Each structure stands twice: as C-alpha cells, then as structure tokens.
Amino acid sequence: MFTTLPLVAFPAIDPVAIELGPLVIRWYALAYVAGILLGWRLAMRLAARPGTAVLPREVDDLVVWITLGIILGGRIGYILFYNFDQYLADPWQALRVWQGGMSFHGGLIGVILAVVLFARNRGIPLLALGDIVAAVVPIGLFFGRIANFINGELWGRPSNAAWAMIFPHDGSQLPRHPSQLYEAFLEGICLFALLMVLNAKGIRRNMGALTGVFLVGYSAARIFSEFFREPDPQLGFLFFASTMGQLLSIPMALIGLWLLVTAGGRPAPDRSALADDTGKA
C-alpha cells in the first residue's frame with residue numbers, strides 16, 4: 001500500500017520562465033538552448049586540443065546541423081515510438097511542438113544522421129566527430145531531465161520512499177519516485193563525469209571508443225532508471241514487463257559495445273596542422 005500523503009512537497013516552479021505579453025518562454029525550451037550552447041562551447045574546447053582529429057571551426061559549423069537533428073529527430077521519434085496511432089488519426093498534431101512530445105532515442109538518431117551527413121560533406125573522420133559530440137551530450141540530458149521535473153511530467157512509479165512526492169498533474173495523487181532527477185543524475189552528471197575523465201586519459205586516440213562508452217553508459221543508466229519511472233500510459237509495459245525506453249536502449253548498448261571492442265584498430269588522425277595560426281582552424 002502507498003500512502004496518499006506527500007512525503008516531500010513538489011516544488012511549485014512555474015514551467016513558464018519568461019512571459020512578456022504574447023511571448024512565452026518555458027524552462028523546457030531554455031533547457032534545449034542551454035544544452036546546445038554549453039555543449040557547443042565545450043566541444044569547441046575539446047577540438048582545440050593538440051593532436052585533434054576534428055577542428056574547432058568544424059564543430060562551430062556542426063552546431064546548426066545538430067540542432068536540426070535534435071528537434072526533428074526528437075519529434076519524429078516520439079511520434080513513431082510512443083504515440084503513432086494518435087498522430088496517425090490527427091497528423092496536424094505533429095506540428096504542435098509547444099504541447100510537448102520529444103524522444104531522446106529519436107533525437108539521438110537525428111543527431112547521428114546530422115553527424116554522418118556533415119562528416120561526409122566536410123571529409124571529417126566520422127567516429128572522431130562522433131566522439132566529440134558524444135562527450136557533450138550529457139549536458140543536454142541533464143538540463144532536459146530537470147525541465148521534465150519542473151514541468152511535473154514523466155514521473156516515477158508509486159513509492160513510499162522518504163523522498164517520494166505527489167506530482168500536480170498526476171490524477172492518482174499517489175507519492176511517486178522523482179525519476180526525472182534520477183535520470184538527470186545518472187544520464188547527466190555521472191555519465192558526463194565518466195566521459196570527461198576518459199577523455200582526459202586519451203581515450204579519443206582510438207576513434208569510436210568515447211562514443212561507445214556514451215552509448216553503453218546511457219543505455220545502462222536509462223534501463224536502470226526505467227525501473228523507477230512510470231511507463232507511458234498509451235504503451236504501458238511491453239515484453240517481459242519492460243518499457244519502451246528499455247527496449248530502445250538495448251540496441252544502443254550493443255552498438256556501443258561493438259565500438260568499444262573494435263576501437264583499438266581505429267587510431268585517430270592528427271589533423272591539427274590544418275588549423276590556422278589562431279588555432280581556430
């Protein structure tokens with residue numbers, strides 16, 4: 001049995017960060033902006049290090065491609081993976097992005113396509129570019145999960161844990177795990193720290209290794225967190241009581257393991273000589 005008394009009060013944070021007449025800016029939108037901007041700046045710094053296979057100007061040009069990949073991939077992924085029947089019945093809903101509905105796995109596919117197309121267009125080693133991008137993705141994951149928490153969405157399963165809380169939009173009014181914060185910690189802080197430590201130890205010398213660590217690390221964090229997160233109501237539990245988030249993470253983990261196992265045969269080229277005298281390329 002679960003008590004219906006809140007154990008920890010849900011913080012009353014207005015999902016709208018700024019409202020100036022008809023202009024409404026939500027924390028969720030700012031989370032995307034913060035993740036992209038901070039990730040871009042850090043990726044520029046990583047690319048500026050000696051012996052790099054990716055140049056800062058290439059990262060600078062990539063940010064627009066990545067942004068489009070996140071938005072289009074995240075939206076299309078949500079439609080296909082989580083709510084296809086609803087959008088099939090009313091396709092115009094797909095354009096109502098202000099109503100929410102983004103998928104990380106869809107956004108990841110969008111980013112991968114953007115990186116592949118950009119690398120081919122510019123003649124950049126694909127996995128070297130992927131390693132730069134993978135290193136900074138947890139920044140966006142952290143802000144995104146915090147925004148989910150502020151919105152009071154994607155809450156956890158019922159719980160009597162001392163930190164359980166009642167989410168305002170939950171009709172059951174049962175105390176639940178703040179699973180958004182679990183994901184922010186694991187997918188954001190922990191994964192970011194791991195990637196930065198490994199990057200400092202020179203893991204990027206072997207192309208694809210850092211990407212592999214990200215894919216395996218994210219998959220492990222997501223699969224674990226899903227045990228505390230309430231499944232999407234339109235899907236519920238799937239095979240063997242798993243969730244869609246867990247099922248989508250399995251192929252990610254397998255690809256990541258393959259990249260790690262084979263990374264030793266892919267030494268990263270040193271393209272830093274292509275940079276100009278300012279070091280910006």
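Predicted model: local features only at pLDDT ≥ 70, side-chain atom pairs only at ≥ 80, totals over all residues.
**Stop 1: helices α7 and α8**

Select residues 209-225 for helix α7 and residues 244-262 for helix α8. Two packed helices are described by the angle between their axes and the distance between the axes. Here the axes come within 7 Å and cross at roughly 155 degrees. That makes α7 roughly antiparallel to α8, because angles over 145 degrees count that way. The crossing of the two helices is left-handed.

Now show the side chains between them. On the α7 side, pick Ala209, Thr211, Gly212, Val213, Leu215, Val216, Tyr218, Ser219, Arg222 and Ile223. On the α8 side, pick Gly245, Gln246, Ser249, Met252, Ala253, Ile255, Gly256, Leu257, Leu259 and Leu260. What is the make-up of this contact in nonpolar, polar and charged residues? There are 12 nonpolar, seven polar and one charged. Keep Tyr218 and Arg222 of α7 in view; both return below.

**Stop 2: Arg229 in the loop**

Follow the chain out of α7. Arg229 sits in the loop between α7 and α8. Is Arg229 buried or exposed? It is buried, because its relative accessible area is 5%, and the cut-off for buried is under 20%.

Select what Arg229 touches beyond four places in sequence: Arg145, Leu154, Trp155, Gly156, Arg157, Ser179, Glu183 and Arg222. Arg222 is also one of the α7 residues that meet α8. Leave Trp155 highlighted for the next stop.

**Stop 3: the aromatic rings**

The structure holds 11 aromatic pairs. Start with Phe10 and Phe149. Their rings are tilted, 5.2 Å centre to centre with 55 degrees between the planes. This pair links distant parts of the chain, 139 residues apart. Phe10 lies in the segment before β1 (16-20), and Phe149 in helix α5 (residues 126-151). Phe10 is buried at 17% relative accessible area. Phe149 counts as buried too, at 8%.

Next, Phe104 and Tyr218. The ring centres are 4.1 Å apart and the planes are at 35 degrees, so this pair is tilted. Which helices does the pair join? Phe104 is in helix α4 (residues 104-122) and Tyr218 in helix α7, 114 residues apart. Phe104 is buried, with a relative accessible area of 18%. For Tyr218 the value is 0%, also buried. Tyr218 takes part in the α7 contact with α8 as well.

**Stop 4: two partly exposed phenylalanines**

Go to Phe192 in helix α6 (residues 179-200). It is partly exposed, with a relative accessible area of 26%. Leaving aside neighbours within four places in sequence, select its contacts: Leu42, Ala135, Pro138 and Ile139.

Finish back in helix α7, at Phe224. Phe224 is partly exposed, at 46% relative accessible area.

Methods
Residues numbered from 1 in each chain as written. Heavy atoms only, no water. Axes fitted to C-alpha atoms, helices over the stretch in contact; angles between N-to-C directions. Helix = DSSP H or I, 4+ residues; strand = E, 2+ residues; numbered from the N terminus. Parallel < 35°, antiparallel > 145°, perpendicular 65-115°, else oblique. Left-handed = near helix turned anticlockwise from the far one by under 90°. Contact = heavy atoms within 4.5 Å. Nonpolar A, V, L, I, M, F, W, Y, C, P; charged D, E, K, R; others polar. Buried < 20%, exposed > 50% of the residue type's maximum accessible area, 1.4 Å probe, protein only. Phe/Tyr/Trp six-rings, centres within 6.5 Å; stacked < 30°, edge-to-face > 60°.
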